[in-house]
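Subject: Structure handover

Hello,

Here is the structure you are taking over. Please open it beside this email and follow along.

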Amino acid sequence: MKRYLMTPGPTPIPPEVSLALAKPIIHHRTDEFKKLFDETIKLLKSVMQTKNDVVIFSSSGSGAMEAAVSNLIGESQKAITINAGKFGERWTKLVKAFGGVPVELKYEYGDYAKAEDIQKAIEKNPDIKAVYIQASETSTATAHPIDEIGLMLKEKYPEIVFVVDGITAYGAIDVKTDRWNIDIGITGSQKALMLPPGLSIISISQKAKTIIKQNSNKYFYFDILGEIGAYGKFTPPVGLIFGLKESVSIILNEGLGNVFKRHSLLAKATREAAKAIGLKLLSKRPVDSLTAIVMPDGINSSDVIKQMKELGVEVSNGQGHLKGKIIRIAHLGYFFKPDIIVGISALEIALKQLGVEFNFGEATTKAMEIFSDE
Ligand SMILES: Cc1ncc(COP(=O)(O)O)c(C=O)c1O
(Lines give C-alpha, C1' and ligand atoms only; values in the text may rest on other atoms or scores of the structure.)
Protein backbone atom coordinates (compact mmCIF):
# COMPACT_ATOMS: atom_id res chain seq x y z
CA MET A 1 0.00 0.00 0.00
CA LYS A 2 1.16 3.53 -0.68
CA ARG A 3 1.48 5.44 2.61
CA TYR A 4 0.89 9.14 3.09
CA LEU A 5 2.54 10.31 6.28
CA MET A 6 0.64 13.39 7.46
CA THR A 7 1.65 13.41 11.12
CA PRO A 8 3.36 16.43 12.71
CA GLY A 9 6.64 14.56 13.04
CA PRO A 10 8.15 12.48 11.79
CA THR A 11 7.28 13.97 8.42
CA PRO A 12 7.96 12.79 4.85
CA ILE A 13 11.48 13.04 3.44
CA PRO A 14 12.35 14.28 -0.08
CA PRO A 15 14.17 11.74 -2.28
CA GLU A 16 17.25 14.01 -2.51
CA VAL A 17 17.53 13.88 1.28
CA SER A 18 17.10 10.09 1.35
CA LEU A 19 19.96 9.82 -1.15
CA ALA A 20 22.17 12.10 0.97
CA LEU A 21 21.36 9.94 4.02
CA ALA A 22 22.56 6.89 2.11
CA LYS A 23 26.07 8.26 1.47
CA PRO A 24 28.96 6.16 2.74
CA ILE A 25 29.82 7.09 6.31
CA ILE A 26 32.99 9.08 6.90
CA HIS A 27 34.90 9.48 10.16
CA HIS A 28 33.91 12.53 12.17
CA ARG A 29 37.37 13.67 13.28
CA THR A 30 38.47 14.54 9.76
CA ASP A 31 38.78 17.71 7.71
CA GLU A 32 36.13 16.33 5.39
CA PHE A 33 33.58 16.08 8.19
CA LYS A 34 34.57 19.45 9.65
CA LYS A 35 33.98 21.10 6.26
CA LEU A 36 30.60 19.37 5.88
CA PHE A 37 29.64 20.38 9.40
CA ASP A 38 30.74 24.02 9.11
CA GLU A 39 28.90 24.43 5.79
CA THR A 40 25.78 22.84 7.25
CA ILE A 41 25.80 25.14 10.30
CA LYS A 42 26.16 28.17 8.04
CA LEU A 43 23.08 27.15 5.99
CA LEU A 44 21.17 26.27 9.15
CA LYS A 45 21.80 29.77 10.52
CA SER A 46 20.14 31.23 7.41
CA VAL A 47 17.11 28.98 7.90
CA MET A 48 16.92 30.02 11.57
CA GLN A 49 17.44 33.69 10.63
CA THR A 50 20.27 34.14 13.10
CA LYS A 51 23.89 35.15 13.34
CA ASN A 52 24.14 33.49 16.75
CA ASP A 53 26.04 30.26 17.35
CA VAL A 54 24.14 27.10 16.47
CA VAL A 55 24.75 23.77 18.19
CA ILE A 56 23.53 20.32 17.18
CA PHE A 57 22.92 17.47 19.62
CA SER A 58 22.17 13.93 18.63
CA SER A 59 18.89 13.50 20.47
CA SER A 60 15.22 14.07 19.85
CA GLY A 61 13.98 17.67 20.18
CA SER A 62 13.42 17.30 23.91
CA GLY A 63 17.19 16.97 24.40
CA ALA A 64 17.64 20.56 23.26
CA MET A 65 14.72 21.62 25.49
CA GLU A 66 16.45 19.96 28.42
CA ALA A 67 19.75 21.70 27.60
CA ALA A 68 17.97 25.06 27.44
CA VAL A 69 16.81 24.51 31.03
CA SER A 70 19.69 22.60 32.63
CA ASN A 71 22.35 25.03 31.35
CA LEU A 72 20.41 28.13 32.34
CA ILE A 73 18.25 27.60 35.40
CA GLY A 74 19.98 27.02 38.72
CA GLU A 75 18.57 25.76 42.02
CA SER A 76 15.54 27.84 43.14
CA GLN A 77 15.76 30.22 40.18
CA LYS A 78 12.50 31.35 38.65
CA ALA A 79 11.37 31.00 35.04
CA ILE A 80 8.06 31.73 33.32
CA THR A 81 6.71 28.72 31.47
CA ILE A 82 3.85 29.04 28.99
CA ASN A 83 1.63 26.00 29.26
CA ALA A 84 -1.00 26.00 26.52
CA GLY A 85 -0.55 22.37 25.58
CA LYS A 86 1.51 19.22 25.99
CA PHE A 87 4.79 20.78 24.91
CA GLY A 88 4.39 23.89 27.03
CA GLU A 89 3.70 21.61 29.97
CA ARG A 90 7.08 19.99 29.25
CA TRP A 91 8.82 23.32 30.00
CA THR A 92 7.23 23.36 33.45
CA LYS A 93 8.31 19.77 34.11
CA LEU A 94 11.86 20.49 32.95
CA VAL A 95 12.25 23.59 35.12
CA LYS A 96 11.07 21.57 38.13
CA ALA A 97 13.32 18.63 37.22
CA PHE A 98 16.41 20.88 37.39
CA GLY A 99 15.50 22.46 40.72
CA GLY A 100 14.08 25.70 39.32
CA VAL A 101 10.79 27.34 40.23
CA PRO A 102 8.34 27.56 37.32
CA VAL A 103 5.94 30.50 37.27
CA GLU A 104 3.50 28.77 34.98
CA LEU A 105 1.02 30.72 32.86
CA LYS A 106 -1.64 28.20 32.00
CA TYR A 107 -3.97 28.60 29.03
CA GLU A 108 -6.79 26.46 27.74
CA TYR A 109 -5.76 24.11 24.96
CA GLY A 110 -6.20 26.08 21.72
CA ASP A 111 -5.56 29.46 23.37
CA TYR A 112 -2.33 31.45 23.10
CA ALA A 113 -0.10 33.57 25.36
CA LYS A 114 -0.37 37.35 25.32
CA ALA A 115 2.63 39.63 25.81
CA GLU A 116 0.77 41.57 28.53
CA ASP A 117 0.17 38.38 30.57
CA ILE A 118 3.89 37.73 30.57
CA GLN A 119 4.63 41.34 31.47
CA LYS A 120 2.23 41.16 34.44
CA ALA A 121 3.83 37.91 35.64
CA ILE A 122 7.29 39.53 35.49
CA GLU A 123 6.05 42.59 37.40
CA LYS A 124 4.90 40.24 40.19
CA ASN A 125 8.12 38.19 40.00
CA PRO A 126 10.99 40.60 39.28
CA ASP A 127 13.53 37.79 39.80
CA ILE A 128 12.45 35.90 36.65
CA LYS A 129 15.48 34.62 34.78
CA ALA A 130 13.97 33.24 31.59
CA VAL A 131 10.74 32.89 29.62
CA TYR A 132 10.07 29.48 28.04
CA ILE A 133 7.50 29.17 25.24
CA GLN A 134 6.66 27.38 21.97
CA ALA A 135 6.49 29.22 18.64
CA SER A 136 4.11 26.48 17.51
CA GLU A 137 2.33 24.43 20.20
CA THR A 138 2.00 21.20 18.22
CA SER A 139 -0.54 19.56 20.53
CA THR A 140 -3.12 22.25 19.72
CA ALA A 141 -1.79 23.57 16.35
CA THR A 142 -1.49 27.06 17.84
CA ALA A 143 1.01 29.87 17.17
CA HIS A 144 2.03 32.06 20.10
CA PRO A 145 2.83 35.71 19.16
CA ILE A 146 6.59 35.28 19.51
CA ASP A 147 7.33 38.58 17.79
CA GLU A 148 5.25 40.63 20.26
CA ILE A 149 6.60 38.77 23.29
CA GLY A 150 10.22 38.97 22.12
CA LEU A 151 10.03 42.69 21.40
CA MET A 152 8.28 43.42 24.72
CA LEU A 153 11.04 41.53 26.59
CA LYS A 154 13.77 43.33 24.67
CA GLU A 155 12.31 46.73 25.49
CA LYS A 156 11.29 46.21 29.10
CA TYR A 157 13.34 43.31 30.50
CA PRO A 158 16.53 42.95 28.45
CA GLU A 159 18.18 40.85 31.16
CA ILE A 160 15.61 38.02 30.83
CA VAL A 161 16.54 35.13 28.53
CA PHE A 162 13.88 34.38 25.90
CA VAL A 163 13.74 30.68 25.00
CA VAL A 164 11.59 29.54 22.08
CA ASP A 165 10.84 25.93 21.18
CA GLY A 166 10.44 26.23 17.42
CA ILE A 167 10.39 22.50 16.79
CA THR A 168 7.34 22.70 14.48
CA ALA A 169 8.03 26.31 13.49
CA TYR A 170 11.55 26.75 12.06
CA GLY A 171 11.48 26.07 8.32
CA ALA A 172 7.67 26.26 8.18
CA ILE A 173 6.65 29.65 9.56
CA ASP A 174 8.55 32.90 9.86
CA VAL A 175 10.65 32.89 13.06
CA LYS A 176 13.03 35.85 13.02
CA THR A 177 15.40 34.66 15.72
CA ASP A 178 17.62 37.73 15.93
CA ARG A 179 15.07 40.39 15.09
CA TRP A 180 12.59 39.05 17.65
CA ASN A 181 15.16 38.82 20.41
CA ILE A 182 15.13 35.00 20.69
CA ASP A 183 18.12 34.15 22.87
CA ILE A 184 17.70 30.41 22.55
CA GLY A 185 15.86 28.99 19.52
CA ILE A 186 15.26 25.27 19.30
CA THR A 187 14.34 22.88 16.53
CA GLY A 188 14.50 19.19 15.66
CA SER A 189 15.25 17.22 12.52
CA GLN A 190 12.00 15.31 12.03
CA LYS A 191 9.66 18.23 11.28
CA ALA A 192 10.02 21.02 8.70
CA LEU A 193 13.68 20.08 8.22
CA MET A 194 12.43 16.96 6.39
CA LEU A 195 14.79 14.47 8.04
CA PRO A 196 14.39 11.37 10.18
CA PRO A 197 14.34 11.93 13.97
CA GLY A 198 17.70 12.17 15.73
CA LEU A 199 18.96 15.77 15.74
CA SER A 200 18.09 18.59 18.09
CA ILE A 201 19.32 22.06 17.24
CA ILE A 202 19.88 25.15 19.38
CA SER A 203 20.79 28.73 18.53
CA ILE A 204 22.29 30.72 21.39
CA SER A 205 22.76 34.47 21.79
CA GLN A 206 25.79 36.19 23.32
CA LYS A 207 23.61 37.26 26.26
CA ALA A 208 22.51 33.68 26.98
CA LYS A 209 26.11 32.49 26.70
CA THR A 210 27.29 35.07 29.25
CA ILE A 211 24.55 34.06 31.70
CA ILE A 212 25.29 30.35 31.27
CA LYS A 213 28.99 31.00 31.95
CA GLN A 214 28.10 32.60 35.30
CA ASN A 215 26.22 29.45 36.35
CA SER A 216 27.55 26.36 38.02
CA ASN A 217 24.68 24.11 36.96
CA LYS A 218 25.03 20.37 36.53
CA TYR A 219 24.98 18.78 33.08
CA PHE A 220 27.41 16.76 31.02
CA TYR A 221 26.26 15.58 27.57
CA PHE A 222 23.90 18.49 26.89
CA ASP A 223 26.57 21.16 27.34
CA ILE A 224 25.63 24.00 24.98
CA LEU A 225 28.79 26.09 25.36
CA GLY A 226 31.00 23.02 25.22
CA GLU A 227 29.52 22.08 21.84
CA ILE A 228 30.07 25.43 20.12
CA GLY A 229 32.57 24.84 17.34
CA ALA A 230 33.40 21.45 18.85
CA TYR A 231 31.12 19.05 17.05
CA GLY A 232 32.70 15.65 17.03
CA LYS A 233 33.41 15.76 20.77
CA PHE A 234 30.91 12.91 20.95
CA THR A 235 30.30 10.70 17.90
CA PRO A 236 27.81 12.62 15.75
CA PRO A 237 25.17 10.97 13.53
CA VAL A 238 27.26 11.55 10.40
CA GLY A 239 24.56 10.34 8.00
CA LEU A 240 22.00 12.77 9.42
CA ILE A 241 24.45 15.64 8.91
CA PHE A 242 24.75 14.68 5.22
CA GLY A 243 20.96 14.74 5.10
CA LEU A 244 20.70 18.03 7.00
CA LYS A 245 23.02 19.81 4.57
CA GLU A 246 20.81 18.63 1.71
CA SER A 247 17.53 19.56 3.40
CA VAL A 248 18.58 23.07 4.44
CA SER A 249 19.92 23.60 0.90
CA ILE A 250 16.51 22.58 -0.50
CA ILE A 251 14.78 25.08 1.84
CA LEU A 252 17.13 27.92 0.91
CA ASN A 253 16.91 27.15 -2.82
CA GLU A 254 13.13 27.42 -2.66
CA GLY A 255 13.64 30.65 -0.70
CA LEU A 256 12.49 31.16 2.89
CA GLY A 257 9.73 33.54 1.82
CA ASN A 258 8.37 31.01 -0.69
CA VAL A 259 8.56 28.22 1.88
CA PHE A 260 6.48 30.28 4.35
CA LYS A 261 3.98 31.19 1.62
CA ARG A 262 3.60 27.54 0.64
CA HIS A 263 2.95 26.54 4.25
CA SER A 264 0.46 29.35 4.65
CA LEU A 265 -1.47 28.30 1.53
CA LEU A 266 -1.56 24.62 2.53
CA ALA A 267 -2.75 25.62 6.00
CA LYS A 268 -5.46 27.89 4.58
CA ALA A 269 -6.77 25.15 2.28
CA THR A 270 -6.84 22.60 5.13
CA ARG A 271 -8.65 24.93 7.52
CA GLU A 272 -11.19 26.15 4.97
CA ALA A 273 -11.84 22.59 3.78
CA ALA A 274 -12.65 21.47 7.33
CA LYS A 275 -14.92 24.48 7.89
CA ALA A 276 -16.70 23.85 4.56
CA ILE A 277 -18.20 20.65 5.97
CA GLY A 278 -19.07 22.19 9.33
CA LEU A 279 -16.04 21.04 11.29
CA LYS A 280 -14.46 23.36 13.87
CA LEU A 281 -10.82 24.21 14.37
CA LEU A 282 -9.41 23.77 17.86
CA SER A 283 -7.06 26.74 17.79
CA LYS A 284 -7.86 30.39 18.41
CA ARG A 285 -4.64 31.33 16.59
CA PRO A 286 -3.92 28.51 14.14
CA VAL A 287 -0.35 27.87 13.11
CA ASP A 288 0.55 27.16 9.48
CA SER A 289 2.49 23.96 10.13
CA LEU A 290 -0.42 21.70 11.10
CA THR A 291 -4.18 21.87 11.62
CA ALA A 292 -6.15 20.55 14.60
CA ILE A 293 -9.74 19.70 13.64
CA VAL A 294 -12.45 18.97 16.23
CA MET A 295 -14.50 15.88 15.39
CA PRO A 296 -18.31 16.05 15.32
CA ASP A 297 -20.22 15.11 18.51
CA GLY A 298 -20.43 11.37 19.00
CA ILE A 299 -17.46 10.68 16.71
CA ASN A 300 -14.25 9.42 18.28
CA SER A 301 -11.19 10.73 16.45
CA SER A 302 -9.45 7.38 17.02
CA ASP A 303 -12.05 5.79 14.69
CA VAL A 304 -11.54 8.52 12.06
CA ILE A 305 -7.78 8.03 12.23
CA LYS A 306 -8.21 4.26 11.84
CA GLN A 307 -10.43 4.68 8.75
CA MET A 308 -8.00 7.16 7.21
CA LYS A 309 -5.11 4.80 7.86
CA GLU A 310 -6.92 2.05 5.95
CA LEU A 311 -6.81 4.41 2.96
CA GLY A 312 -3.08 4.86 3.54
CA VAL A 313 -3.28 8.32 5.14
CA GLU A 314 -1.72 8.65 8.57
CA VAL A 315 -2.70 11.61 10.76
CA SER A 316 -2.34 12.18 14.52
CA ASN A 317 -4.74 12.02 17.43
CA GLY A 318 -5.11 14.65 20.13
CA GLN A 319 -2.85 14.46 23.15
CA GLY A 320 -3.86 14.39 26.81
CA HIS A 321 -7.55 15.21 27.31
CA LEU A 322 -7.93 15.90 23.56
CA LYS A 323 -7.32 12.25 22.67
CA GLY A 324 -10.38 10.97 20.83
CA LYS A 325 -11.67 14.51 20.23
CA ILE A 326 -9.47 15.97 17.49
CA ILE A 327 -7.32 14.94 14.57
CA ARG A 328 -4.11 16.77 13.67
CA ILE A 329 -3.18 16.93 9.99
CA ALA A 330 0.38 18.04 9.32
CA HIS A 331 1.49 20.15 6.38
CA LEU A 332 5.03 21.08 7.35
CA GLY A 333 8.15 20.32 5.43
CA TYR A 334 7.86 18.18 2.30
CA PHE A 335 4.17 18.96 1.60
CA PHE A 336 2.54 20.32 -1.54
CA LYS A 337 -0.98 21.03 -2.83
CA PRO A 338 -1.83 17.46 -3.96
CA ASP A 339 -0.94 16.14 -0.50
CA ILE A 340 -3.68 18.29 1.01
CA ILE A 341 -6.22 17.04 -1.54
CA VAL A 342 -5.30 13.46 -0.61
CA GLY A 343 -5.52 14.16 3.13
CA ILE A 344 -8.82 16.03 2.99
CA SER A 345 -10.50 13.50 0.70
CA ALA A 346 -9.39 10.67 3.01
CA LEU A 347 -10.95 12.58 5.91
CA GLU A 348 -14.22 12.94 4.00
CA ILE A 349 -14.30 9.23 3.12
CA ALA A 350 -13.56 8.28 6.74
CA LEU A 351 -16.34 10.52 8.09
CA LYS A 352 -18.83 9.16 5.55
CA GLN A 353 -17.92 5.57 6.43
CA LEU A 354 -18.56 6.42 10.08
CA GLY A 355 -22.05 7.68 9.24
CA VAL A 356 -21.46 11.43 9.65
CA GLU A 357 -23.94 13.43 7.59
CA PHE A 358 -22.47 16.27 5.53
CA ASN A 359 -22.22 17.39 1.92
CA PHE A 360 -19.82 14.76 0.72
CA GLY A 361 -17.04 16.24 -1.44
CA GLU A 362 -17.41 19.84 -0.26
CA ALA A 363 -14.25 19.89 1.81
CA THR A 364 -12.09 18.57 -1.01
CA THR A 365 -13.78 20.94 -3.47
CA LYS A 366 -13.03 23.85 -1.15
CA ALA A 367 -9.34 22.95 -1.01
CA MET A 368 -9.25 22.57 -4.81
CA GLU A 369 -10.93 25.98 -5.22
CA ILE A 370 -8.39 27.64 -2.94
CA PHE A 371 -5.53 26.11 -4.93
CA SER A 372 -7.05 26.97 -8.32
CA ASP A 373 -7.59 30.60 -7.22
CA GLU A 374 -3.86 30.98 -6.53
C1 LIG B 1 6.60 21.87 19.78
C2 LIG B 1 7.30 20.60 20.16
N3 LIG B 1 8.16 20.62 21.18
C4 LIG B 1 8.81 19.52 21.57
C5 LIG B 1 8.62 18.32 20.92
C6 LIG B 1 9.34 17.13 21.41
O7 LIG B 1 10.23 16.69 20.46
P8 LIG B 1 10.79 15.22 20.49
O9 LIG B 1 9.63 14.29 20.45
O10 LIG B 1 11.62 15.20 19.23
O11 LIG B 1 11.60 15.08 21.71
C12 LIG B 1 7.73 18.24 19.86
C13 LIG B 1 7.46 16.97 19.18
O14 LIG B 1 6.46 16.78 18.54
C15 LIG B 1 7.07 19.42 19.45
O16 LIG B 1 6.21 19.41 18.43
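**Salt bridges**

Glu272 counts as partly exposed, because its relative accessibility is 26%. Keep in mind throughout that this is a predicted model. The side chain of Glu272 meets that of Lys275 in a salt bridge, with 3.1 Å from N to O. Both residues belong to helix H10 (residues 256-276), where they are three residues apart, about one turn of the helix. Lys275 is also partly exposed, at a relative accessible area of 43%. Elsewhere, salt bridges with shared partners join Lys35, Glu39 and Lys245 into one network.

In total the structure holds 17 salt bridges. One of them is formed by the side chains of Asp111 and Lys284, at 3.9 Å from N to O. Which parts of the chain does this pair tie together? Asp111 is in the loop between E4 and helix H5 (115-124), while Lys284 is in the loop between strand E11 (280-281) and strand E12 (290-294), so the bridge ties together parts that are 173 residues apart in sequence. Asp111 is buried, with a relative accessible area of 13%, whereas Lys284 counts as exposed at 55% relative accessibility.

Another salt bridge joins Arg262 and Glu254, whose closest N and O atoms are 2.8 Å apart. Arg262 counts as buried at 13% relative accessibility. Glu254 is partly exposed, its relative accessible area being 27%.

**The sheet**

Seven strands make up an open sheet with mixed pairing, in the order E2-E10-E9-E8-E5-E3-E4. Which strands stand at the edges? They are strand E2 (53-58) and strand E4 (101-106); each has a single partner strand, so one side of each has no neighbour in the sheet. On average, neighbouring strands in this sheet are turned by 20° against each other, if direction is ignored.

Helix H7 (residues 206-214) lies across E2, E5, E8, strand E9 (184-188) and strand E10 (199-204). H7 runs at about 95° to E10.

Is strand E5 (residues 128-134) enclosed or open? Seven of the seven residues of E5 are buried, so this strand is largely enclosed by the rest of the structure. E5 pairs with strand E3 (residues 78-83) in the parallel sense, over four bridges. E5 also pairs with strand E8 (residues 161-165), again in the parallel sense, over five bridges.

**Aromatic rings**

There are nine aromatic pairs. One of them is the tilted pair of Phe57 and Tyr221, with 6.4 Å from centre to centre and 40° between the planes. This pair links distant parts of the chain, 164 residues apart: Phe57 is in strand E2, and Tyr221 is in the loop between H7 and helix H8 (224-227). Phe57 counts as buried at 1% relative accessibility, but Tyr221 counts as partly exposed at 28%.

Tyr221 forms an edge-to-face pair with Phe222 as well, at 5.0 Å centre to centre and 90° between the planes. Phe222 is buried because its relative accessible area of 18% is under the 20% cut-off. Ring pairs link Phe57, Phe220, Tyr221, Phe222 and Phe234 into a cluster.

**A buried threonine**

The last item is Thr11, in the loop between strand E1 (4-5) and helix H1 (15-21). Thr11 counts as buried, at 3% relative accessibility. What lies 2.8 Å from a polar atom of the Thr11 side chain? That is the backbone oxygen of Lys191. Apart from neighbours within four places in sequence, Thr11 is in contact with Leu5, Gln190, Lys191, Met194 and Leu332.

Regards

Technical notes
Residues numbered from 1 in each chain as written. Predicted model: local features only at pLDDT ≥ 70, side-chain atom pairs only at ≥ 80, totals over all residues. Heavy atoms only, no water. Helix = DSSP H or I, 4+ residues; strand = E, 2+ residues; numbered from the N terminus. Buried < 20%, exposed > 50% of the residue type's maximum accessible area, 1.4 Å probe, protein only. Polar contact = N/O pair within 3.5 Å; in protein donor to acceptor, adjacent residues only side chain to side chain. Contact = heavy atoms within 4.5 Å. Pairing = 2+ DSSP bridges. Axes fitted to C-alpha atoms, helices over the stretch in contact; angles between N-to-C directions. Salt bridge = Lys/Arg side-chain N within 4 Å of Asp/Glu carboxyl O. Phe/Tyr/Trp six-rings, centres within 6.5 Å; stacked < 30°, edge-to-face > 60°.
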